[in-house]
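Open the model in a viewer and keep the selection tool at hand. The stops below say what to select and what is there.

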Amino acid sequence: MLSAVPAAVLLALLPSTAHAYPNPGQVTGTVTVHDPTMLRRPDGRYLLYGTGGGIAYRTSTDRIAFGGGSQAFSTRPGWWPQYGNTEAWAPDISYQGGRYLMYYAVSTFGSNRSAVGLATSGTGLPGSWSDAGVVYTSSASSDFNAIDPNLFVDDDGTWWLSFGSWWTGLKMIQLNPSTGKQLSGNSTRYSLASRPTGSKAVEAPYVVKRNGYYYLFASYDTCCAGTGSTYKVKVGRATSVTGPYRDRDGVPMMLGGGTPVLESHGRYIGPGGQSILHDTDGDLIVYHYYDGQDNGTAKLGVNLLNWSSGWPVAY
């Protein structure tokens with residue numbers, strides 16, 4: 001375990017080359033997945049949802065062997081086709097106030113005519129989800145893209161939703177905990193990260209708070225191209241949930257900064273679409289990668305994170 005390694009040594013372990021990145025931990029069974037989000041129920045059962053159909057479902061009792069085949073929605077909400085699609089992307093599952101919440105996106109590839117939706121459930125299991133409708137939208141005239149949502153609940157009970165893909169980057173709005181939708185008293189759309197020059201490719205925000213800092217994880221470059229994917233995970237941190245986020249070298253994430261967490265190495269190509277789960281043995285980064293030894297099939301990746309250096313190090 002890296003928990004006993006001195007912080008100075010962990011700093012030296014921060015990735016400087018592709019060879020420094022760990023292989024995914026062992027998973028077996030039904031592990032084909034895109035943009036995974038996972039939580040552990042009180043009974044120890046892991047629920048994992050991902051992009052596709054009525055939101056693809058996987059489950060495990062030991063975090064190694066996964067089964068699946070079901071979907072969150074047996075009947076898909078009727079408003080989805082308004083955004084060009086009858087399948088949903090990039091879900092985000094959490095347990096808040098006695099119920100399970102799932103934020104997700106509906107869009108089409110390369111378009112920002114998009115919507116973030118919300119569903120609720122008493123069990124978190126497939127077929128139990130109730131549609132709560134649209135949370136936030138973008139259109140062809142927007143300079144942002146309302147996909148890849150992530151709910152963050154701060155220590156003081158305030159709710160925040162980060163989202164975004166390409167265009168002008170990652171955004172955040174404040175939510176009303178009673179409705180799960182935007183707080184009427186705060187219409188601000190905050191900007192968290194962008195790539196103002198060159199590629200606009202930053203998406204999939206995920207925010208956690210550790211040791212007094214807010215950490216913003218994001219996926220950079222391009223997904224969904226099998227072995228041609230260039231996805232990678234980077235992170236920045238801030239003292240305020242709305243930023244400004246900076247990487248380990250002090251470069252603002254609004255100017256393209258980001259400290260590497262996972263990158264391609266060997267057969268493990270294009271890791272991204274990440275979420276973070278605090279489990280009994282520590283924090284996990286849960287993501288997909290494209291398997292270079294299996295025709296670029298998207299598969300589940302899971303690694304632990306060590307925070308001893310002040311920055312998340314995957315191992």
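Select Leu 192 and display the residues around it. Leaving out residues up to four places away in sequence, Leu 192 touches Ser 162, Leu 170, Lys 171, Met 172, Leu 216, Val 241, Thr 242, Tyr 245, Met 253 and Met 254; contact means heavy atoms within 4.5 Å. Leu 192 belongs to strand 14; strands are DSSP runs of E with at least two residues, numbered from the N terminus. Its relative accessibility is 1%, so Leu 192 counts as buried (buried is under 20% relative accessible area, exposed over 50%, partly exposed in between, with a 1.4 Å probe and protein chains only). A C-alpha to C-alpha distance of 9.5 Å separates Leu 192 from Gly 164, and the two are 28 residues apart in sequence.

The model is predicted: local features need pLDDT of at least 70 and side-chain atom pairs count only at pLDDT 80 or more, while totals for chains, interfaces and linings use all residues. Residues are numbered from 1 along each chain as its sequence is written, and side-chain values use heavy atoms, with hydrogens and water left out.

Next, select Ser 194. Ser 194 is in the loop between strand 14 (190-193) and strand 15 (202-210). Is Ser 194 buried or exposed? With 8% relative accessibility, Ser 194 counts as buried. Its side chain reaches the backbone oxygen of Met 254 at 2.7 Å. That is a polar contact: a pair of N or O atoms within 3.5 Å where, within protein, one must be able to donate a hydrogen and the other to accept it, and residues adjacent in sequence count only if both atoms are side-chain atoms. Setting aside neighbours within four places in sequence, the contacts of Ser 194 are Thr 168, Gly 169, Val 202, Met 253, Met 254, Leu 255 and Gly 256.

Move to Thr 37, in strand 2. Thr 37 has a relative accessible area of 2% and is therefore buried. A polar atom of the Thr 37 side chain lies 3.1 Å from the backbone nitrogen of Ile 93. Among the residues that Thr 37 touches, not counting those up to four places away in sequence, are Leu 47, Leu 48, Tyr 49 and Ser 275.

An open sheet of five strands has the order 1-5-4-3-2, with mixed pairing. Its edge strands are strand 1 (28-29) and strand 2 (37-40), each pairing on one side only; two strands pair if DSSP finds at least two bridges between them. Strand 2 and strand 3 run antiparallel and are joined by four bridges. Leu 39 stands opposite Leu 47 in strand 3.

Rings of Phe, Tyr and Trp (its six-membered ring) pair if their centres lie within 6.5 Å; planes under 30 degrees apart count as stacked, over 60 as edge-to-face and the rest as tilted. By this rule there are 18 aromatic pairs. In one of them, the ring centres of Phe 73 and Tyr 104 are 5.9 Å apart and the planes are at 70°, so the pair is edge-to-face. Phe 73 is in the loop between strand 5 (65-71) and strand 6 (89-96), and Tyr 104 is in strand 7, 31 residues apart. The rings of Trp 79 and Tyr 104 have centres 6.2 Å apart and planes at 20°, so this pair is stacked.

Finish with Arg 237, whose charged end sits over the ring of Tyr 213, 3.8 Å from its centre. The rule asks for NZ of Lys or CZ of Arg within 6 Å of the ring centre and within 35 degrees of the ring normal. Lys 234 lies over the face of Tyr 220, at 5.0 Å from the ring centre.
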